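Have the viewer open and follow along.

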Amino acid sequence: MLGRSERESGAQALLAATAAGWVEGDPAEAESLLDLGSTTATLSTVASIDGLSGVVHLGHPAQPSHELERALLAGPPSLVLTGASAVPSQWVWVGRPTAARDLTGHVVVDEAGMRDRRHVLRTMGVSPSLVPTRTTLEERVALAGPDGSLVVERSVATGTLAALGYAELAGSELLGEGAPIWYGLLESRDTPPRAEGVAQVWLAFGPRDDHRGSLQETLALVAQAGIDLQHLRSHRSLAGPHIFFCAFSCPDAGTLDALVDGFAERGVAHRVLAVLPGQDFVPGPDALEPRWAPAPDPARA
């Protein structure tokens, strides 16, 4: 059985699951994913029901969603992400072609659509009207009104909405451009999975003593293992030392075993949050071109 949170796009999550082979049988006959409620409820339910897994939005395997990192670490310790799958954006912009519509006006979009394509919507000049993902299609059509428009998944647009006279609008193609949407398979395991080959690993840790230099001592263990961190983020903790979230490409299971054993020997609290088999997660995470402070003028030294 596969489920998703109430805020997630069911169509996109199902597409990712079928593309990765997480759904057994004929993908064309796959049924909708179970709605497991809030993010916290989704994690708790997956941990408590044997045979139930979840499909969750990752952000990117090498640049994890901070919301998901925090939820995992605050959730049952058995939870771990064991696979990653990317799908092209399924969002389209639809309306009634005959309506006297103001293209910069009322556009109904749900939480998942806003998360995935908010920057594109902003450049399109529309004014999104945000609704919960659980909002029914009938309710969305009513909210849009006769002259409004909607952002929905393509499968929805070509089904019920097409029968109601809706069609893609000029500019809709922009919502399908850009980076794909990454999803992960969430499972409950007694022990973290072992990837015999290269895998992307998410790891959370907390230095034993929260003092000046404690992070450097912990990161020395990472360097000794020959690991190059791709992601490092700190967060406050209610249980003493700071929490650090990191992500990195790990060459094999032995390297990860050696790292976590080193943490255990030195009393560094830790937890593996994800082991995602694979070496190339293309395209990579968002990149930026930094503008650093200018170098000091030697003449002023």
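## Two domains, one chain

The C-alpha centres of domain 1 and domain 2 sit 33 Å apart. This is a predicted model, by the way. Domain 1 is made of two stretches, 2-87 and 181-277, while domain 2 covers 91-176. Where they touch, domain 1 puts in 12 residues and domain 2 puts in 10 residues. Interface size is often quoted as the accessible area lost when the parts come together. Here, the two domains bury about 850 Å² between them, with 43% of that on carbon and sulfur atoms.

## The nonpolar cores

Which residues have the most contacts inside the largest nonpolar core? They are Leu58, Leu68, Leu72, Leu81, Leu186, Trp202 and Leu276, in a core of 22 residues. Several elements each supply at least two residues of this core, including α2 (39-48), α3 (66-74), β5 (79-87) and β15 (269-277). Another core, of 19 residues, lies apart from it, with Ala195, Leu221, Val260 and Val275 among them.

Leaving out residues up to four places away in sequence, Leu81 touches Leu58, Leu68, Leu72, Leu186, Trp202 and Leu276, among others. Val275 is also one of the residues touched by Leu81.

## Around helix α4

Now for α4, which spans residues 111-124 and bends by about 80° at Arg117. Arg117 is itself buried, as are Ala112, Gly113, Met114, Asp116, Leu121 and Met124. At the start of α4, a side-chain oxygen of Asp110 comes within 3.3 Å of the backbone nitrogen of Ala112. After the helix comes Gly125, with a positive phi near 80°.

| Residue | Relative accessible area | State |
|---|---|---|
| Ser127 | 40% | partly exposed |
| Thr133 | 12% | buried |

Ser127 belongs to strand β8 (residues 127-131).

Thr133 is in the loop between β8 and α5 (137-144). Why does Thr133 count as buried? Because its relative accessibility is 12%, and buried means under 20%. Its contacts beyond four places in sequence are Glu6, Arg7, Glu8, Asp110, Glu111, Ala112 and Arg140. With Arg7, a polar atom of the Thr133 side chain lies 3.1 Å from the backbone oxygen.

How values were computed
Residues numbered from 1 in each chain as written. Predicted model: local features only at pLDDT ≥ 70, side-chain atom pairs only at ≥ 80, totals over all residues. Heavy atoms only, no water. Core = buried A, V, L, I, M, F, W, Y, C linked by side-chain atoms within 4.5 Å. Buried < 20%, exposed > 50% of the residue type's maximum accessible area, 1.4 Å probe, protein only. Helix = DSSP H or I, 4+ residues; strand = E, 2+ residues; numbered from the N terminus. Contact = heavy atoms within 4.5 Å. Bend = angle between axes of the 7 residues up to and from the residue. Polar contact = N/O pair within 3.5 Å; in protein donor to acceptor, adjacent residues only side chain to side chain. Domains from an automatic or database assignment. Buried area = accessible area lost by both parts, 1.4 Å probe.
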